Amino acid sequence: MFSIQTNVNSLIAQENMRVNGDFQSKTIQRLTSGYRINQSGDDAAGLAVANKFRSDVAELSQGVRNANDGISTLQIIDGGMNNISKMIDRLKTLASQSASETFTGDRKVLNDEFQTLLKEIDRQAQAVGLDQGGLYAKSLSVFVGGGRSAALGAVDTSNGTVKLDLAAAAVDTKSLSLKGMQAVAGSDTTDIGTGSATHTVADILADNGNTTDLAGYTNFYISGAGFSDDNKVKVAVNMTGVSDIDTLATAINDAIDQAATGGSSAATAFKNAGVSASVYTNENGGKQLAFNSSYAPIQVQAGDVMANALMGNFSTVGGDPATRGAAMSSSVHGVNTTAGTLGAGDVTVRIVGGGLSSPVDIKLDGGQTTASAIASLTSQISANADLVAAGLSVSSGAVGSSPLTFTNSRGDKFSVQASGDTTNLLGLGSFNSGAANAVDYTTLSGTVYTASTTSDTSTLEISLNGGAAEQITVDLTAGNASAAKELSGVVGSNDIDGTNDTLNLTIDGQSVAVSLTHNTGVSELTVAGEIQAAVDGAGLTGGAHATVSVTQDGRIQIENDNKGGAHTLLAAGNAVSSGLLAFTLTAGSNRTAGDIADNINQQIAASSNLQKAGLKATVDAGALKLDSNGTFFRVNGGAVTGDANIGFGVSASSFTGAAATDLAATTSARASVDSNGAQQTSSMAFTAPTYATDSQTLTVSVNDADGNIQSQVISLHNDTTARSARSIDEAVAAINKQLQQSNIAALQGIVAVKENVSGTEKINFLSSGNSFQVSASGTTNSAGVDGNGTAAGTAGSVESEVAGDVSSTISIDSMSNALKAVTSISAAITKLGSAQAAVGRGQNQLSYALSLAQSQISSFSAAESRIRDADVASEAANLTKAQVLQQAAVAAMAQANSAPQVILSLLRG
């Protein structure tokens, strides 16, 4: 069948030509582009995978360039370190030359070159970025790429980053311990050298007033990070052979070496700090004693009067020689002791502050005589290592004629508290001991209260946190002895029925006759006034008196103004007015325990200090009890002879002071100096928190070697949670302990120290590292550490600053210094080797990372090629195929189009 209208064969040929044309076009595109996938429609899934490989190659290609840049940088640094190594070799040569006793040249010439080389080392270390805080003296990150996490296919940039740890690779003189911190003793006018006209070292040694703890020795105390508070290092200097400041420095260095040999962690930290003594020449040419450290900030304190003088702290008291060190003891004493026997309970004496990182309690057995107790106290204090190390001692004169005197030989402020001596034989206050003979407590229970008929008062004294006591005087009597009569509203209804009626009163045994001459119609108020007038005019003696009134319920009330069970009031009438005999009598009596508790609470409510402590009196099983909100307090039994015992004990001693009864007027003049060249805060005031509500937090923040902020929150308490702020010494120790426990090097390099600023003890923070900040939270009652340097306990923060521009460098200007320099340079060579090793490790790390990156680039490129690149052979065959098919389609099209022509020919015929 033939159809002219629809040429099916032609249509089929046309479709096949289109398909073949598309096939041929794609084949030509693949051959000419080289890619199998030219658009997403070619292979969407394949294109996504190929794109990922292509992106990875781009990342790694830049990573290779980064690694090469890093290697180049490290090679430059390595070259600089090699140059510094040569200079250190020259330093050692110079030091070795000067260290020989047979050297006959000028050591000054050697030292000049030596110091010039030290400066050149600093310059070159800075040039290559390996000075402290330098461009490259930290942990460096080089991004190479290609990182993957455990999750399949997930990118992990941290895994693709090479970490180069150069934080400990600084090679300036400070990092190599060729220059460090320096604490210079005295002021710019101090001179203890041979050129001094008033106080050479020889003059100081010759002054017998320059006392020491041990003959032939003088003591210095050195504090720093890791060796502070109870662990501060005592440097006991043997003065044998010391004649001038140079031999003094040598003797101190020998003592420092000895102090650093201990096996404790503090001794190790002290040894690692590289502390040494030297002679410092000030701008006026004066010679001063200086203490140097390799890297750690230090505080140096005089340990005795001799050391005080050697540190340039001389007495200004009239008549003292110019060579005498300032006195540096402080003392606390009570009232005179009293002969007798202690009660059955133990007595506890507590010493707070005075350089102690925590209070020390001395227990004295009850039942012994005053003399025996004093002997035991003296013996225990002299045998207590902490108290001896803090320079604390006690002395007393004859019992009954002198007080106990506690002395701190180094001038630190302290307080003494006692409990259990309820008759005050030791003169430190008659405070009651709490459970387990505690010095102070947050709750105290007395014995069962028994009403007294021999005394009308009992006086308590309450001391908060060892402070001055507040008195509470309790009136033990209850309501008055009284008589009462209810009348019928007006006189004349058989109660008072006319004139010449008589009321007879007896007030504490004294008679008062009251004549009532009123007629009917007189009110109760008028009758009461008549009775009161008679009492007032009776001429009673001994304070006897009564008050007459009318109660709200219409009774005439007669009350004895004297209170207590020993006082009476009787009332009677005459025969005519028998109704008057109906007066109701109430005898005098003493208060109940509950009534006393109410009275104590009323007085607490009137005291802002006792209110802040949350004190409250209650009755527990018949005994009075005092509780606080967690604030520690002490109760003195009583302060007036003859006071009644309400369960807390009675004494005839009044406690009025904040430390025993009196803080002696001795002012500490102890020499203390911090190292210059270190980061320091300004001195911060401290007030020991009295109340449990005054807990405080300090936040110490510092940038570590990588520039990251590291912080430590430090807590200070004086409540049942913890007690870490009863004194400035305890607070400083708590701060240092928590900094060391942070296990963060940048924070462990900060140390808190105590300083005496114009007679006031304050806190300072020192660090040899980067700048840091100390922030203090505010407290309810302005206690704790002051964050602003103005009012204690206010919230605020203090930024550290570099204190002083004086820093120490090793010297070879003398044989002894040259010998120490040889040792220091040997240690510096070791540190330089460690720094070079760190740089070398970094180069190797980058080389290995570079090799991996290049391998990954090759692999990823091959993987992309396999997915996306065209197979030229296959595509060429396809092109030939497409061309053949296209030609066949054209021929078939011609044949299909010829059929209608045949039909046309038939129609013509």
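A charge is taken to sit over a ring if NZ of Lys or CZ of Arg is within 6 Å of the ring centre and within 35 degrees of the ring normal. The legends below refer to a predicted model.

**View 1. R410 over the ring of Y221.** R410 lies over the face of Y221. The distance to the ring centre is 4.3 Å.

**View 2. R723 over the ring of F632.** In this view the ring belongs to F632, and the charged end of R723 sits over that ring. It is 3.6 Å from the centre of the F632 ring.

**View 3. The aromatic pair F220 and F291.** Four aromatic pairs are found when the whole structure is searched. In the pair shown here, the ring centres of F220 and F291 are 5.5 Å apart and the planes stand at 55°, so the pair is classed as tilted. F220 belongs to strand β4 (residues 217–224) and F291 to strand β7 (residues 287–293). The two residues are 71 residues apart, and the pair thus links distant parts of the chain. F220 and F291 are both buried.

**View 4. The aromatic pair Y441 and F633.** The centres of the Y441 and F633 rings are 5.3 Å apart. Their planes are at 90°, and because planes over 60 degrees apart count as edge-to-face, the pair is edge-to-face. Y441 is in the loop between β14 (414–419) and β15 (443–448), whereas F633 is in strand β27 (residues 633–636).

View 5. S701 is part of strand β32 (residues 696–703). Its relative accessible area is 17%; buried means under 20%, so S701 is buried. The side chains of S701 and S711 are joined by a polar contact of 2.9 Å. Leaving aside residues up to four places away in sequence, S701 touches I709, Q710, S711, F772 and Q773.

**View 6. The whole protein, for orientation.** The protein has 16 helices and 40 strands. Of its 909 residues, 47% are buried. Among contacts with a separation of 6 or more, 68% are between residues 24 or more positions apart. The accessible surface comes to about 39800 Å², and carbon and sulfur atoms account for 51% of this surface.

Conventions: Residues are numbered from 1 along each chain as its sequence is written. This is a predicted model: local features need pLDDT of at least 70, side-chain atom pairs count only at pLDDT 80 or more; totals for chains, interfaces and linings use all residues. Side-chain values use heavy atoms; hydrogens and water are left out. Rings of Phe, Tyr and Trp (its six-membered ring) pair if their centres lie within 6.5 Å; planes under 30 degrees apart count as stacked, over 60 as edge-to-face and the rest as tilted. Helices (H or I, at least four residues) and strands (E, at least two) are DSSP runs, numbered from the N terminus. Buried means under 20% relative accessible area, exposed over 50%, partly exposed in between (1.4 Å probe, protein chains only). Contact means heavy atoms within 4.5 Å. Accessible areas come from the Shrake-Rupley method with a 1.4 Å probe; for residues, only the protein chains shown count as cover. A polar contact is a pair of N or O atoms within 3.5 Å; within protein, one must be able to donate a hydrogen and the other to accept it, and residues adjacent in sequence count only if both atoms are side-chain atoms.
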